[in-house]
Amino acid sequence: MIFGLACLMLTHTNKAHSVSDGLAKGIGTNEEHKEVTDVGIRFKKLFRRAPRLPPRLSPDEKIIHRNFTGKLNEPNVEEQWKARQQNVKDAFTHAWSGYKKFAMGYDELMPVSRLGVDGLGGLGATVVDALDTAMIMGLDEVVSEAGSWIESHLLDRIRQKGQVNLFETTIRVLGGLLSAYHLSGGDQGMTLAQKGPKPTIYLDIAKNLADRLLSAFTSSPTAIPFSDVVLRDSSAHSAPGGLSSTSEVSTLQLEFNYLSAISGDPKYSTEGMKVLAHLKTLPKTEGLVPIYISPHSGEFSGENIRLGSRGDSYYEYLIKVWLQLRDTQDGNFTYLHDMYEEAMRGVKHMLVQKSIPSELVFVGELPVGPKGYLSPKMDHLVCFLPGTLALGATKGLTKEKAMKDNLLTFEDLENLKLAEDLTKTCFEMYSVTSTGLAPEIAYFHTKDYFESGLDGGNKSSEYVNDIIIKHADRHNLLRPETVESLFVLYRITQDPKYREWGWHIFESFEKYTKVESGGYSSLDDVTTVPPPKRDKMETFFLGETLKYLYLLFGDSSVIPLDK
């Protein structure tokens, strides 16, 4: 959902320009109060080469798909990927069928128990989060079912429900409504959905919800919003302990900016951009920031710095909000790009390490521990970073096109190389386990750290001695970060290995997380076969994970990265 919204506002024609051209315009000023009315840019449609290498097929597939010369028949390669894309579409249909049968109107499905559960405020989060994926896949029946539920029930839920988390509600529900508005033809967007309500229905509900969420901003004594909102009375308060997550307060702006652009009301963007303008002024460690911030003082709290939970999407939104706003006529947002580039330099200087014996590149955490070395811990959430680095380097163009037009700086190329290295590591976090699915957290063998007896279970993996998985971290929540990066890296580099890696991950989801009665379940332990099921299907499995796999296996002109 976050990725989808990053693309929505890039719709007006302009010429591509280099990073240096953008930076030459000067240092950004605090223009956060100005109305965002220009919706961005549109690059010319790109022609993309066919993949350089065919997918790796099983022996049976090789027999079927070879012609009499013994060479792979190229049209059949694309047919193979179309078939694999259909498999993802079938998986979405199976996931939706379980939710519809057992949990319709609840936030999430418990597929093993065949029950619904409200853990996100009771707004039917799966319905809204999954809708744009169904639109992209052309699943008209699902679009009609989800759209009808939203039109009939969601506004009443918003008016009646109690406490919700500002961040979760923004990215899953508000973001879902805005994506549905765009993909159903609103704002002259893509008309991928012929069924369901008119786009204005989604927009009207989005405005009602956002008006209530704004209380998190307006109730706070600083530019940093409170973390929780009571929807029925539009009140807000801080979380227990008084702190907000840095990632949560800085992962609202794509949605609020887009809502201002399509509604014509600047108040949403004004409040959201105040946060980033304030964060610009705070002290940082080589561009890196602590994972907690106080809405009462407006200052960072603590010394923990990581690109995993509570830190991750701060860095992601810096570059994506800059891409969203860089060509608007009423503000200079270069400061966002400056903050992003400084942070990426900090990542490379302070956090990037290599494992032993096989030198996997990973991103550790600060502060340095009592034994004097950087934590070799990396959340699965960090696997958003490769896609973000690649997008930041080429601005959504293919690497080939960007290099041909001399648009990449040395730093862009360096970031793109890091993106490829980290994508490899993220995939190996999957392949090193017995199930082929990644744990929630991995540790890496370094010269300072190693624990024996905690490998992933796949003894044939080349990296079995590089990756350490502690017992408390062996669960898998069906997360999207790695497949999102595979999707972005494939689109930008055109290297078919990223498709192959995505297919291996999808096959493992199918084999170990599918529940026959409907839905897919998160797992308790990816290192054992069969893995025990956790009995939860997160909304992002439909809203993101399956979406990125579907796009990875499909034509690159669908949801292009440079728009």
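**Entry 1: a glycine in a loop.** I started with G457, which sits in the loop between strand 12 and strand 13 (467-468). A reminder to myself: this is a predicted model. Is G457 buried, exposed or partly exposed? Its relative accessible area is 30%, so I wrote down partly exposed, since that label covers values between 20% and 50%. Next I looked at what G457 touches: leaving out residues up to four places away in sequence, I found V432, S434 and T527. I also checked G457 against I469: they are 12 residues apart in sequence, and their C-alpha atoms are 9.6 Å apart in space.

**Entry 2: the annotated set.** I then turned to the UniProt record. The unreviewed entry has an "active site" annotation that covers E168, D312, E440 and E481.

**Entry 3: E440.** I looked up E440 and found it in the loop between helix 17 (410-431) and strand 12 (441-444). Its relative accessible area is 12%, so E440 counts as buried, because the cut-off for that word is under 20%. Not counting residues up to four places away in sequence, E440 touches D379, H380, D473, H475, L477 and R479.

**Entry 4: E481.** Now for E481, which belongs to helix 18 (residues 481-493). With a relative accessible area of 11%, E481 is buried. Which residues does E481 contact, once neighbours within four places in sequence are set aside? I got H380, L381, C383 and F384. I took another look at H380: a polar contact of 3.1 Å joins its side chain to that of E481.

**Entry 5: the largest pocket.** Last, I went through the pocket itself. The space in it comes to about 780 Å³. I noted 34 lining residues, with F167, E168, D312, L381 and R479 nearest the centre. Elements that give two or more residues to this lining are helix 7 (166-183), strand 6 (244-245), helix 10 (246-249), helix 13 (312-325), helix 18 and helix 20 (539-552). Which element gives the largest share? Helix 7 does, with 4 residues. I also sorted the lining by class: 13 residues are nonpolar, 7 are polar and 14 are charged.

Note on methods. Residues are numbered from 1 along each chain as its sequence is written. This is a predicted model: local features need pLDDT of at least 70, side-chain atom pairs count only at pLDDT 80 or more; totals for chains, interfaces and linings use all residues. Side-chain values use heavy atoms; hydrogens and water are left out. UniProt positions are given in the numbering used here, feature names are shortened, and annotations may be inferred rather than shown by experiment. Buried means under 20% relative accessible area, exposed over 50%, partly exposed in between (1.4 Å probe, protein chains only). Contact means heavy atoms within 4.5 Å. A polar contact is a pair of N or O atoms within 3.5 Å; within protein, one must be able to donate a hydrogen and the other to accept it, and residues adjacent in sequence count only if both atoms are side-chain atoms. On a 1 Å grid over the protein atoms alone, a cavity is a set of points where a 1.4 Å probe fits but cannot get out, and a pocket is an open set with protein on both sides within 12 Å along at least five of seven lines; lining residues have an atom within 4 Å of a point. Grid points are joined across faces, edges and corners, and a volume is the space filled by probe spheres set on the points. Ala, Val, Leu, Ile, Met, Phe, Trp, Tyr, Cys and Pro count as nonpolar, Asp, Glu, Lys and Arg as charged, and the others, Gly among them, as polar.
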